[in-house]
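Please read them alongside the sequence and the coordinates.

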Amino acid sequence: MTPQVSVGLDGSEESLAAVGWAATAAVLREVPLRLVHVEEWPNTPEAPLSYARTMAERAESLLRDEADRVRKDHPGLEVLTERTRGGAAEELTAAANEADLTVLGSRGLGGVRGFIVGSVSLAVVGSARRPIVLVRTEGAPVAHRGGIVVGVDIHRPCEALLAFSFEEAARRNTSLRLLHSWTLPASYGYAAVMDPGIGEELGGHILGGLEDLVGPWRKRYAGVDVTATTVDGVPAYQLVEASRTAQLVIVGRRSRKVPLGTHLGHVAHAVIHHSPAPVAVVPLT
């Protein structure tokens with residue numbers, strides 16, 4: 001792994017927004033920024049040589065112009081450029097596995113409908129071994145004034161998620177809200193209706209578990225303003241709602257052995273499609 005932030009650049013508005021977000025992340029981490037452009041070579045070998053030259057010239061111009069813009073906006077930041085040829089998902093995944101963090105653009109339809117995540121971005125998110133951030137276009141109506149919201153499952157290991165979240169909050173000097181959603185087990189049946197205190201008791205127990213999980217991290221990052229919250233409801237819905245006032249949402253992705261397709265759980269999948277804020281996806285074991 002190389003200490004750097006990588007960003008996929010294809011000239012779209014979404015990728016340009018990703019470059020801006022990635023540049024800030026690189027400055028905060030005090031590491032170089034690498035701009036990666038993937039030239040998806042046509043399947044037909046009869047592509048004219050002139051076409052290949054034109055595409056190469058456009059790619060070089062795009063990388064050069066964006067590198068110059070970033071250097072102007074962030075004097076002192078080391079900016080690297082890389083042009084590769086092959087499948088975009090495969091090449092960007094390989095680049096992501098070599099970096100601290102990789103940032104990709106996602107096409108948005110506004111705050112209500114949320115992301116339309118392209119197949120390339122979704123493939124990278126589902127297979128990369130390092131954290132990936134999906135960023136909307138700069139013009140999208142997104143709230144940036146809030147802190148960081150993190151979806152936490154207290155019943156499964158999430159050390160990598162907490163480490164990334166606390167470090168990010170400390171770097172950005174912003175608040176951190178850890179959110180665990182739960183629902184009353186069906187086995188409680190009518191007892192929960194007859195005695196609402198049962199749900200309150202279970203909620204208190206779950207909150208205690210979350211506080212126990214967060215306790216060591218509070219001590220390690222004493223300067224971070226941390227709030228631990230548990231809510232009764234569907235996790236994906238609660239995280240999307242919380243994202244509307246967040247500057248960043250962080251979710252975990254657990255490794256899943258499937259023969260085809262991306263390796264995303266339903267919560268991460270829902271959040272990256274509907275959050276109006278940038279979403280960081282952290283691979284978990």
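Is Glu-30 buried or exposed?

1. Glu-30 counts as exposed, because its relative accessibility is 74% (buried means under 20% relative accessible area, exposed over 50%, partly exposed in between, with a 1.4 Å probe and protein chains only). Glu-30 sits in the loop between α1 and β2 (33-39); helices (H or I, at least four residues) and strands (E, at least two) are DSSP runs, numbered from the N terminus. The phi angle of Glu-30 is near 60 degrees, a positive value in a residue other than glycine.

2. On the basis of the note: this is a predicted model, in which local features need pLDDT of at least 70 and side-chain atom pairs count only at pLDDT 80 or more, while totals for chains, interfaces and linings use all residues. Residues are numbered from 1 along each chain as its sequence is written, and side-chain values use heavy atoms, with hydrogens and water left out.

3. Confidence. The mean pLDDT of the protein is 83, and 77% of its residues reach 70 or more (pLDDT is the predictor's confidence in each residue, from 0 to 100).

4. Asn-173 counts as exposed because its relative accessibility is 69%.

5. Ser-15. This residue belongs to helix α1 (residues 13-29) and counts as buried because its relative accessibility is 3%. The side chain of Ser-15 reaches the backbone oxygen of Ser-12 at 3.0 Å. Leaving aside neighbours within four places in sequence, Ser-15 is in contact with Gly-8, Leu-9, Asp-10 and Gly-105.

6. Gly-151 is in strand β8 (residues 148-151) and, at 15% relative accessibility, counts as buried. Not counting residues up to four places away in sequence, Gly-151 touches Leu-161, Leu-179, Leu-239 and Ile-250.

7. The largest pocket. About 600 Å³ of space lies in the largest pocket. Of the 25 residues that line the largest pocket, the closest to its centre are Asp-153, Arg-156, Pro-235, Arg-254 and Val-267. Two or more lining residues come from each of β9 (176-182), α8 (235-243), β11 (248-254) and α9 (266-274). On a 1 Å grid over the protein atoms alone, where a 1.4 Å probe fits, a pocket is an open set of points with protein on both sides within 12 Å along at least five of seven lines, and lining residues have an atom within 4 Å of a point. Grid points are joined across faces, edges and corners, and a volume is the space filled by probe spheres set on the points.

Methods. A polar contact is a pair of N or O atoms within 3.5 Å; within protein, one must be able to donate a hydrogen and the other to accept it, and residues adjacent in sequence count only if both atoms are side-chain atoms. Contact means heavy atoms within 4.5 Å.
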